[in-house]
Amino acid sequence: MMSPRRFYYAIGPKKFFEFIFFAIFLLFFYGPLVNNLMIAFANIYRYPNVIPQEFGFEWWNFVLSQENLVSSIGTSLIVATITTIVSLIICLPAAYAIARYNFPGRKFFMFSFLLGNAFPKMGLYISMGIIFYKLKLMGTLPGVILVHMINTLMFMVWLPSGAFRAIHRQQEEAGRDVGASPFTVFRKITLPLAMPGIAVASMYTFLGSLEEAQGTLLVGFPEINTMATAMYGVIMQYPPTAGAVFALILMIPTLIFLRVFRKYISSDALGKGFQMK
């Protein structure tokens, strides 16, 4: 086995320190994921042991047999799907207007979508909870969807707006010159060309809705129980092995969406979406 000193002189100082930094990055980034994966398949695990004493699927069977946990997965998927669809219906026209028209206060309007993410969310949720209580939205599906949409407005407006700005007006004008109506031009020319940015925004909206917990707890719990809120109960009531299993289940939708939308995720697409012109 090569000693560290021999390895240092073999590859040179620069490569050696690059290797050290890369190894530290792998340890801090992938270490918790590997540990979570290992604990999730542990039948018996006792602290302070690093390696579980017995591997198996005991806690997977336990988690999947809990009716409230399984139902929370279905509730999360329903809430995330509705949130994404409603956000598309509301935000796409706003994104197109921001991209195509110059109106007074346009930049401030775009900047205002950042305000919901610039401060601690709990204060915002409490204020919304007071209003929702008066409107009888507490503990309802519409109330939870509205809370989730607060966190997704920035993505659903900024990213599609950048995609619309990247489309040359001449392409739309060419369609109108041959007699197409404005709606037909938007449906057959503008929308397909902007689809990569819209797809990325939809992915972020869906995944953001899946992981939203604080607002759901305040507005919807216990009537609306999602995966994120159920995770709190798993951590408090069950052993760490059950929490590790549920954490892996929470990661599955993210991995699927990253796989499906990987061709749309690029630094250029994201950079165009967050340009304020």
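Let me start on the outside, with a nonpolar patch on the surface formed by Phe-22, Phe-25, Leu-26, Phe-29, Tyr-30, Leu-33, Val-34, Met-251, Leu-255 and Leu-258. Together these residues have about 930 Å² of accessible area. Keep in mind that this is a predicted model, and that applies to everything I say.

Which helices supply the patch? H2 and H13 each give at least two of its residues. The largest share comes from H2, with seven residues.

Take one member, Leu-255, which is found in helix H13. Is Leu-255 buried or exposed? Its relative accessibility is 54%, and exposed means over 50%, so Leu-255 counts as exposed.

Now to the inside. The largest nonpolar core has 23 residues, and the members that touch the most others in it are Val-63, Val-245 and Phe-246. Six helices each supply at least two residues of this core: H2 (13–40), H3 (58–65), H4 (67–100), H10 (182–211), H12 (227–237) and H13 (240–260). H13 gives the most, eight residues.

To see what touching looks like in practice, pick Val-63. Leaving out residues up to four places away in sequence, Val-63 touches Leu-69, Val-70, Ala-242, Val-245, Phe-246 and Ile-249. Apart from this core lies another one, of 11 residues, including Cys-91, Met-156, Trp-158 and Leu-159.

Next, a charged residue. Arg-100 is in helix H4. Why does Arg-100 count as buried? Because its relative accessibility is 8%, and the cut-off for buried is under 20%. What is around Arg-100? Neighbours within four places in sequence aside, Arg-100 is in contact with Phe-164, Arg-165, Ile-167, His-168, Arg-169 and Glu-172. One of these, Ile-167, has its backbone oxygen 2.9 Å from a polar atom of the Arg-100 side chain.

Last stop, Lys-136. Where is Lys-136? Lys-136 sits in the loop between helix H7 (121–134) and helix H8 (141–165). Its phi is near 60°, which is a positive value in a residue other than glycine. Lys-136 has a relative accessible area of 73%, so it is exposed.

Methods. Residues numbered from 1 in each chain as written. Predicted model: local features only at pLDDT ≥ 70, side-chain atom pairs only at ≥ 80, totals over all residues. Heavy atoms only, no water. Core = buried A, V, L, I, M, F, W, Y, C linked by side-chain atoms within 4.5 Å. Buried < 20%, exposed > 50% of the residue type's maximum accessible area, 1.4 Å probe, protein only. Helix = DSSP H or I, 4+ residues; strand = E, 2+ residues; numbered from the N terminus. Contact = heavy atoms within 4.5 Å. Polar contact = N/O pair within 3.5 Å; in protein donor to acceptor, adjacent residues only side chain to side chain. Patch = residues over 30% accessible without salt bridge, like charges linked within 9 Å, V, L, I, M, F, W, Y side chains within 5 Å. Areas by Shrake-Rupley, 256 points an atom, 1.4 Å probe, with all protein chains shown as cover. Salt bridge = Lys/Arg side-chain N within 4 Å of Asp/Glu carboxyl O.
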